[in-house]
Amino acid sequence: MSDETVEPSRTGNPVPVRDDLVEVTPYGAPQLDVAVRLNTNETPEPPPAAYLDAVGAALHTTELHRYPDRPASKLREVLGEAHGLDTAQVWVANGSNEVLVQLFQAYGGPGRRMLLFRPGYSAHPLIARVSGTGTVEHDLPDDFTPTPDLARAAVEEHQPDIITVASPNNPTGIVVDHPTIRALHDTSQALVVVDEAYVEFAPEGVSARSLLDDLPRLVVARTFSKAYRLAGLRLGYLLAHDWVVDDLRKVRLPYHVDAIKQIAGEVAVTMRGAMLTHIPEISAERDRVEKALRALPGIERVWHSAANFVLFRTAVDDLFDRLLERGVLIRDFSDKPRLGGCLRVTIGTPDENDAFLTALTDVLKEA
């Protein structure tokens, strides 16, 4: 008997989900079988063959019948060396989203609240809600660029326990500059979490890592999913002060990062030069796509991005569907607050970007 045909009398009454989760919609972008998939900010090129060979070789000496190293010591050590930090200042988890889950479990929860800026990464409020953390939202200005004055005003109004910002922001691609991060930290008593999932695509010096020595309540979250070309690995990490790492041990699950993932992460960090060789091409393609979008009639606005995607606004209501009919999948944000008419395209290969621009041009001509 299949799951779909189980008799109600045998399943009994369902247990109701928590009241605060009744209206929650699971996070997720469409995963469709189309010719050009540019909706989830993945890197279009796979990791180099030498990386896969090195991981495979390391697995031959891995004792998979034993539990993995619980604190992931070696992976944290090589990450610390790469970032000029002690191992005690680095933490790893199953993607940067699990890093955030653990942070919200440790420092959020009932009676505490997190400050978010709109528009911003849609998973942040969802993760906060699942952890029982209240959220307060503050709108960015019309150009979506945060400023120190805005930061100070938001903190003074909301008095948050946690502040979360993405830099570059998703979906805008805009960087949160250092004076704004300092303002968020120094005006508040909150834990300030800077989500840097796309920072490797941004200009040098953008990362908040350089502020760690000065800002004791700063946390920088990173991922292997984007620039490292390892979205399928689901591995993320944070850089912070050692007391943060100590606190996260209280909420992490036993053996939460498996042995294969630890090895794959160690190899990626030691081979980071080879893993990141595609970034100049992605950045050049991003700038090319931005320029092409600005030149198209029917595109009302294009935001300059420091990430591997571009946000743009159009008056064509069904643009997403019409592109999909042509085999091009991008991300539709038009129903999100502050983002009416906005869509986001991931930067793919040159051929994929050409296919997107060609399909977009055709749709706009017909509109």
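Predicted model: local features only at pLDDT ≥ 70, side-chain atom pairs only at ≥ 80, totals over all residues.
Which residues does Ser188 touch, not counting residues up to four places away in sequence?

Residues are numbered from 1 along each chain as its sequence is written, and side-chain values use heavy atoms, with hydrogens and water left out.

Back to Ser188, then. Ser188 touches Val155, Ile163 and Arg217, once residues up to four places away in sequence are set aside; contact here means heavy atoms within 4.5 Å. Ser188 sits in the loop between helix 7 and strand 6. Helices are DSSP runs of H or I with at least four residues, strands are runs of E with at least two, and both are numbered from the N terminus. With a relative accessible area of 4%, Ser188 is buried. For us, buried means under 20% relative accessible area, exposed means over 50%, and partly exposed is in between, with a 1.4 Å probe and protein chains only.

Let me step back to the whole chain. The chain has 13 helices and 13 strands. Its radius of gyration is 21 Å, close to the 21 Å that the globule rule gives for 367 residues, so the chain is as compact as a globular protein of that length. That radius is taken over C-alpha atoms, and the rule is 2.2 Å times the number of residues to the power 0.38. Along the principal axes, the C-alpha atoms fill a box of roughly 60 × 60 × 55 Å. Of the 367 residues, 51% are buried. Among contacts between residues at least 6 apart in sequence, 74% join residues at least 24 apart. The chain exposes about 17000 Å², and carbon and sulfur atoms supply 50% of that area.

Helix 7 covers residues 178-187, and its buried residues are His178, Thr180, Ile181, Ala183, Leu184 and His185. What do they pack against? Their partners are strand 3 (113-118), helix 6 (148-158), strand 5 (162-166), strand 6 (191-195) and strand 7 (218-223).

Next, some backbone geometry. Most residues other than glycine have a negative phi, and most peptide bonds are trans. With that in mind, look at the loop between strand 5 and helix 7, where Pro168 is placed. The peptide bond from Ser167 to Pro168 is cis, with omega near -5°. Pro171 belongs to that loop between strand 5 and helix 7 as well, and a cis peptide bond joins Asn170 to Pro171, with omega about 25°.

On the phi side, Gln159 is not a glycine, yet its phi is positive, at about 50°. You will find Gln159 in the loop between helix 6 and strand 5. Tyr255 also has a positive phi of about 50° without being a glycine. Tyr255 is in the loop between helix 8 (242-248) and helix 9 (259-270), and at 29% relative accessibility it counts as partly exposed.

Buried or exposed: which is Phe144? At 2% relative accessibility, Phe144 counts as buried. Phe144 lies in the loop between strand 4 (134-139) and helix 6. Leaving aside neighbours within four places in sequence, its contacts include Pro119, Trp303, Arg313 and Leu339.

Last stop, a helix pair. Two packed helices are described by the angle between their axes and the distance between the axes. Helix 11 (residues 279-294) packs with helix 13 (residues 350-366) at an angle of about 10°, and their axes are 11 Å apart. That makes helix 11 roughly parallel to helix 13. Axes are lines fitted to C-alpha atoms, for helices over the stretch in contact, with angles running from 0 to 180 degrees between N-to-C directions. Under 35 degrees counts as roughly parallel, over 145 as roughly antiparallel, 65 to 115 as roughly perpendicular, and the rest as oblique.

Helix 13 also holds Val363, which counts as buried at 0% relative accessibility. Beyond four places in sequence, Val363 touches Leu319, Arg322, Leu323 and Arg326.

Key
Areas by Shrake-Rupley, 256 points an atom, 1.4 Å probe, with all protein chains shown as cover.
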